[in-house]
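Here are some friendly notes to read alongside the model. Please keep the structure open as you go through the points.

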Amino acid sequence: MAHGPLLRKITDYANRADPYPIYAELRKTPVVHEEDGPYIVSTYWEIHALLHDPRISSDARNLDPRAAGEPDDAETEAEEDDPGLPPAFLKLDPPEHDRLRRLAMTPFGPPHTPRRIHAMRGELSRIVDELIDGFRDRDGIDLVDDFSYPFPVTVICRLLGVPREDEPRFHTWADTLAASLDPDPEQDAAERRRVTQQARIELGRYLSELIEERRRSPGDDMLSALVAGHGPEGGMSHTELLSTAALLLVAGHETTVNLITNGMLALLRNPDVLARLRAKPHLAVPLVEELLRYDPPVQLLPQRTPLSDIDIAGVTIPKGASVWLVLASGNRDPQRFLDPDRFDPQRRDNQHLGFGSGIHSCFGAPLARLEAQLALTALAKRLDNPRLREDPPPYRRNAVLRGPRHLPITLDGLR
Ligand code: HEM
């Protein structure tokens, strides 16, 4: 599939450390369509409008196969999803999306379980402190491997009731599924489909056994609650349980790690803010919102399609076309944010797109926010004289779930 120069710039790994100048270029034309590529939407109000437009679908089965860049006889993504796990509610439209999201929300948050996340605060702080205690005799760490990855993974395992010792098994599956979101045209599509499918099958098999176990002996975890769950609409079917559990597991693995790492990177580049956070821990709340605007872990949503033609910003996006919503670019739109390239941890009026918006807006946001607030406050307080060893650090390949692969930091010890 031929792609235009702008799209290639977004996916080009050489631009991973700083994609923001490309987004500024993109915003000169709010909706860009190059050759046979997707419609790329980069301005705040246009992205916001589309995220709230009922004519926009998240279901890949509505995508015209040619718009997806597939040869006519290729498997569609829906067929590809079948053997392992069917699409989770992230990739479904109403009414199915709403029913499954409601069922998943029941054991997770308001109005049914408003205190689950709040009640985890003490435990989250304990996990953070234990990880930082492990740096005691070290003069250097890799924040990603030593902290930003193990912390949210431990948390999502506890929340769902997945045994932590199984983590190495599903680490690879979660990585593969996250990589499958990366629309890198340089990669071999057929090989990638094969590897992704294999990961879905193996993760499906693993979760299937776990669900059966929770059915036999339930605990107080979220998976047990999902398995037992009933509402006026009934519970989830076995395959719905599987795909929901997989979604939560992967979402809990691959996003918060980047928020914490991007956060520490911003703090180390702005030592005055690091010092302020150390003195005033309550700064963590607006600081994390600013991070979600300034350097969001989910840079773009590459999987939307109109159910009928949509006119926006002087362009008609045809039914079935592939639409990319570049959240990270909307977050830097000067039409919406004052001085958008400035990192301002006390910014007011900060309705960023870091968690998306509309019916699919992030389900895990209360958990992700709390994790990042506790992590960054503790790191600011306890690391003595932390310095970056490399700037910019080495990044992951993924252009969608973007973040450093390593963040090497030198320390003088712990406070
Ligand atoms: C900093 C961390 C996180 C970020 C930046 C993030 C970002 C996002 C974004 C942008 C969306 C919207 C996707 C779309 O519109 O297509 C989303 C959806 C979602 N997120 Fe998160 N997320 C984070 C953490 C989490 C965690 C920890 C969980 C699980 C507990 C989670 C679960 C979900 C789910 C289930 C959806 C789908 C919601 C729906 O389709 O209704 N996320 N997230």
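1. The chain folds into 18 helices and 10 strands; helices (H or I, at least four residues) and strands (E, at least two) are DSSP runs, numbered from the N terminus. Its radius of gyration is 21 Å, close to the 22 Å that the globule rule gives for 415 residues, so the chain is as compact as a globular protein of that length. That radius is taken over C-alpha atoms, and the globule rule is 2.2 Å times the number of residues to the power 0.38.

2. A word on the source: this is a predicted model, in which local features need pLDDT of at least 70 and side-chain atom pairs count only at pLDDT 80 or more, while totals for chains, interfaces and linings use all residues. Residues are numbered from 1 along each chain as its sequence is written.

3. Along its principal axes, the C-alpha trace spans about 60 × 55 × 40 Å. Buried residues make up 45% of the 415 residues; buried means 20 or more other C-beta atoms within 10 Å of a residue's own, exposed means 12 or fewer, and partly exposed lies in between, with C-beta atoms placed from the backbone. Among contacts with a separation of 6 or more, 75% join residues 24 or more positions apart, a contact being two C-beta atoms within 7 Å.

4. Now turn to the ligand. Of the 24 residues around it, Ala251, Gly356, His360, Cys362 and Gly364 come nearest (near means a C-beta atom, placed from the backbone, within 6 Å). Helices H13 (238-254), H14 (256-269) and H18 (365-382) each give two or more residues to this shell, and H13 has the largest share, 4 residues. By class, the shell holds 15 nonpolar, 8 polar and 1 charged residues. Here Ala, Val, Leu, Ile, Met, Phe, Trp, Tyr, Cys and Pro count as nonpolar, Asp, Glu, Lys and Arg as charged, and the others, Gly among them, as polar.

5. Which residues touch the most other members of the largest nonpolar core? Among its 80 residues, they are Leu160, Ala245, Ala246, Leu249, Met264, Ala375 and Leu376. H18 gives the most to this core, with 10 residues. Another core lies apart from it, with 30 residues, including Val41 and Leu401. A nonpolar core is a set of buried Ala, Val, Leu, Ile, Met, Phe, Trp, Tyr and Cys residues joined through C-beta atoms within 7 Å.

6. Finally, find Asp93 in the loop between helix H4 (77-81) and helix H5 (96-105). Asp93 counts as partly exposed because it has 18 C-beta neighbours inside 10 Å.
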